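Subject: Structure for you to look at

Hello,

Here is the structure I promised to hand over, and below it you will find what came out of it. Please keep it open beside this message while you read.

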Amino acid sequence: MDTGGECENYSTVVYIRRARRAKTAAQIDLDLPGLSDAKRRPLIEDQLREQTAREAEVSAARQEETRPQQARRDEARAADQEQAKRERTAAAAADTARQTLACEDCGLEQTAGRCEACSYRRRTEALIAEAGMVVATWSADLTDQNVVATQRPGAPTGALDLSNRLSGV
């Protein structure tokens, strides 16, 4: 069953062949005016065959030129696929090794370094600390640099800088 693309390509080929035949016939009419149809037709066919043969030679030469490039591309593609396969194998081995680790906190075996309960506990502790920082930021006097420094030692004083810009200091 023909698809739309195949039919369109066929139409293009037919159009090109008809255009080539018309151009060849017009050239023969210019070169040999008054030629009878019986003599004209074989000349057109001969010239069309010659054109087709030249195009086939050019196409074969192009294919011969591109063959080494295609071979290099195929080799590079095969090497890339092999490298990707090695990387996937290494990643799978690393994941398997990681899965066998015990939990860092409670020692539960085969938890990939941290069991679910310890992960939730650590995340909860981090969220509580973050909430404390938010509360400290809102309750602190942001215009006093000493207060800001004591609320969170080593923290950037971006809130103080924002407060200063808003108050015009």
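Helices (H or I, at least four residues) and strands (E, at least two) are DSSP runs, numbered from the N terminus. Read in that way along the sequence, the chain follows the pattern α-α-α-α-α, which comes to five helices and zero strands.

This is a predicted model, in which local features need pLDDT of at least 70 and side-chain atom pairs count only at pLDDT 80 or more, while totals for chains, interfaces and linings use all residues. Residues are numbered from 1 along each chain as its sequence is written, and side-chain values use heavy atoms, with hydrogens and water left out.

Of the 169 residues of the chain, 9% count as buried, that is, under 20% relative accessible area with a 1.4 Å probe, protein chains only. Where contact means heavy atoms within 4.5 Å, 10% of the contacts between residues at least 6 apart in sequence join residues at least 24 apart.

Now to a pocket, meaning an open set of points on a 1 Å grid where a 1.4 Å probe fits, with protein on both sides within 12 Å along at least five of seven lines, and with lining residues that have an atom within 4 Å of a point. The second largest pocket is lined by V14, R17, R18, R20, R21, L48 and T52. The elements that give two or more residues to this lining are α1 (4–31) and α2 (37–99), and α1 gives the most, with five residues.

Best wishes

Methods:
Buried means under 20% relative accessible area, exposed over 50%, partly exposed in between (1.4 Å probe, protein chains only).
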